Amino acid sequence: LRHEPHVERHASGKPLLNSMFRRAQEIARHEYLCFCNCDIVLTGDFLSAFEKAKAWRDRFLMVSRRWDVDVAWKIDFECSDWATPLKELAVTAGFQQDESWVDYFVFRKGAFTGMPPLIVGHCYWDHWMIWRSLKDGIAVLDGSKFIFPVHQNHGYDPEFGRSKGMATDTLSMANLEMIGGRRHLRCVDAATHRIGRDGGIRRVFVRDTYAVRSFVTYHLWLPAWHAFLGATRPMRSALGLRSKSARERAG
């Protein structure tokens, strides 16, 4: 491990992404780099996917969706089989986040030149990186069906108004302004290729579905469902048919 003590910072004290990426590429001894958030645990499937990607083509951006889970024990990395119970826990008790949550990026040295001074720990910089790769003609490889990045659940420091799932805090909005707005954002579902469960890499023909699904869910389906629940509440109450949450409150 090599510790780099200096990183340029925003006025808030948060690290700036362009400073980190520039320095990492200056000192890198190898042709490929990986940025990974420190609450993510990567297992052997990640290395296998990288080897497949490198054999596939020289330039690519590899990303995938993460698995959120409560890890209640100290992981013993000295054990040769440490990854098996962790992955089993993620699949059985965890939750695979949607395509908007991106926590690692694998890319070839020389990518992301001219990066804006985006603020680490806040939203939109990760989606900008996918957009930038596509703009530069670099294939984006989705490893979500093959790789199990385990995200260890944790709390959020409210100092800057940040909480899980919140994308409107001041520093996130500063990131959004720096990248030129939402037209410069893409999620994992914008990937041009995907690694299947069998390890094969295939082109993706139906892409960018996250925005459409989010619109249908939050602007059409949920309002209609809540309106239906409101209209039928008197009848359901008269028949003793109440929601699970109402039953729990009563019980």
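**Rings, burial and strands in a predicted model**

Ring pairs link Phe21, Phe35, Phe105, Phe107, Phe112, Trp125 and Trp128 into a cluster. The model is a predicted one.

User: How many aromatic pairs are there by the ring-pair rule?

Analyst: The count comes to 12 aromatic pairs.

User: Why is the pair of Phe21 and Phe35 called stacked?

Analyst: The ring centres of Phe21 and Phe35 lie 5.5 Å apart, with 25° between the planes. Centres must lie within 6.5 Å to pair, and planes under 30 degrees apart count as stacked. So Phe21 and Phe35 are a stacked pair.

User: Which parts does the pair of Phe21 and Phe35 tie together?

Analyst: Phe21 lies in helix H1 (residues 17-27), and Phe35 lies in strand S1 (residues 32-36). The pair therefore ties together parts that are 14 residues apart in sequence.

User: What makes Phe21 and Phe35 count as buried?

Analyst: Buried means under 20% relative accessible area. Phe21 has 6%, and Phe35 has 12%. So Phe21 is buried, and so is Phe35.

User: Why is the pair of Tyr32 and Phe50 called edge-to-face?

Analyst: Their ring centres are 5.5 Å apart and their planes stand at 70°. Planes over 60 degrees apart count as edge-to-face. Tyr32 and Phe50 therefore form an edge-to-face pair. Tyr32 lies in strand S1 and Phe50 in helix H2 (residues 44-56), so this pair links parts 18 residues apart in sequence.

User: Are Tyr32 and Phe50 buried or exposed?

Analyst: Tyr32 is at 18% relative accessibility, and Phe50 is at 16%. The cut-off for buried is under 20%. So Tyr32 is buried, and so is Phe50.

User: Why is Trp225 called partly exposed?

Analyst: Trp225 has 35% relative accessibility. Trp225 sits in helix H6 (residues 210-238). With Trp221 and Phe228, Trp225 makes a nonpolar surface patch of about 350 Å².

User: How do you know that both faces of strand S7 are covered?

Analyst: Strand S7 spans residues 139-142. Ala139 and Leu141 are on one side, Val140 and Asp142 are on the other, and all are buried.

User: Which strands pair with S7?

Analyst: Strand S3 (residues 60-63) pairs with S7 in the parallel sense over 4 bridges. Phe60 has Ala139 as its bridge partner in S7. Strand S9 (residues 193-195) also runs parallel to S7, joined by 2 bridges. There, Asp142 stands opposite Arg194 in S9.

How values were computed
Residues are numbered from 1 along each chain as its sequence is written. This is a predicted model: local features need pLDDT of at least 70, side-chain atom pairs count only at pLDDT 80 or more; totals for chains, interfaces and linings use all residues. Side-chain values use heavy atoms; hydrogens and water are left out. Rings of Phe, Tyr and Trp (its six-membered ring) pair if their centres lie within 6.5 Å; planes under 30 degrees apart count as stacked, over 60 as edge-to-face and the rest as tilted. Buried means under 20% relative accessible area, exposed over 50%, partly exposed in between (1.4 Å probe, protein chains only). Patches are made of residues with over 30% relative accessible area and no salt bridge: like charges are joined within 9 Å, nonpolar side chains (Val, Leu, Ile, Met, Phe, Trp, Tyr) within 5 Å. Accessible areas come from the Shrake-Rupley method with a 1.4 Å probe; for residues, only the protein chains shown count as cover. A salt bridge is a side-chain nitrogen of Lys or Arg within 4 Å of a carboxyl oxygen of Asp or Glu. Two strands pair if DSSP finds at least two bridges between them.
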